[in-house]
Amino acid sequence: AGEVVKVARPISALSGVAPAAKIVSLRTLNERGRGPVSAILEALDWIQQQNELGRRLRIHGVNLSLGYDFDPEWFACGQSPLCVEVNRLVRSGVVVVAAAGNTGNGAALSINDPGNAEEAITVGSTHRDMPHVYG
């Protein structure tokens with residue numbers, strides 16, 4: 001558990017499909033891309049609080065470019081606390097996009113949590129050189 005630090009950084013040279021969109025960045029991992037799943041759960045809870053549990057959406061979308069290996073002896077696929085919270089957030093009106101990852105349990109190169117969450121939009125990529133062989 002850490003404190004929330006708000007840092008506003010104006011971006012003047014960026015333009016795209018939604019140039020008036022505001023971005024909120026919640027860092028849950030350290031410099032090496034590691035951190036406890038509890039930090040991710042805290043960030044999702046913070047978003048729920050900002051959105052007043054779905055009564056006033058201020059944050060409309062979440063990108064979770066991370067993966068969490070779960071032990072299937074602890075939770076069934078898609079039933080970890082992380083997946084449960086992602087599903088709850090989506091049901092409150094927030095779009096959640098999660099990385100598929102490549103090291104989930106089960107078959108080799110399968111999906112990680114939170115990509116296993118039933119309500120998340122899970123994205124991945126194909127093999128760069130031989131997609132017809134490796135998918």
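Student: Which residues make the nonpolar surface patch of about 240 Å²?

Tutor: Val95, Ile121 and Val123 make this patch. Patch members have over 30% relative accessible area and no salt bridge; like charges are joined within 9 Å, and nonpolar side chains (Val, Leu, Ile, Met, Phe, Trp, Tyr) within 5 Å. Areas come from the Shrake-Rupley method with a 1.4 Å probe, and for residues only the protein chains shown count as cover. The model is predicted: local features need pLDDT of at least 70, side-chain atom pairs count only at pLDDT 80 or more, and totals for chains, interfaces and linings use all residues. Residues are numbered from 1 along each chain as its sequence is written, and side-chain values use heavy atoms, with hydrogens and water left out.

Student: Where is Val123 placed, and what is its relative accessibility?

Tutor: Val123 sits in strand β3 (residues 121-123). Helices (H or I, at least four residues) and strands (E, at least two) are DSSP runs, numbered from the N terminus. Buried means under 20% relative accessible area, exposed over 50%, and partly exposed in between (1.4 Å probe, protein chains only). Val123 counts as partly exposed because its relative accessibility is 43%.

Student: How many salt bridges does the structure hold?

Tutor: Side chains of opposite charge can pair when their charged atoms come close. The cut-off for a salt bridge is a side-chain nitrogen of Lys or Arg within 4 Å of a carboxyl oxygen of Asp or Glu. The structure holds 3. One of them joins Arg58 and Glu52 at 3.3 Å, N to O. Arg58 is partly exposed at 39%, and Glu52 is partly exposed at 32%.

Student: Which residue forms a salt bridge with Glu85?

Tutor: Arg88 does, with the closest N and O atoms 2.6 Å apart. Glu85 and Arg88 are 3 residues apart in helix α2 (residues 81-91), so about one helical turn separates them.

Student: What about Glu119 and Arg91?

Tutor: Their closest N and O atoms are 3.7 Å apart in a salt bridge. This pair links distant parts of the chain, 28 residues apart: Glu119 is in the loop between β2 (95-99) and β3, and Arg91 is in helix α2. Glu119 counts as partly exposed at 31%, whereas Arg91 counts as exposed at 58%.

Student: Is Cys83 buried or exposed?

Tutor: Cys83, in helix α2, is buried because its relative accessibility is 0%. Leaving aside neighbours within four places in sequence, Cys83 is in contact (heavy atoms within 4.5 Å) with Gly78, Asp113, Pro114, Asn116 and Ala117.
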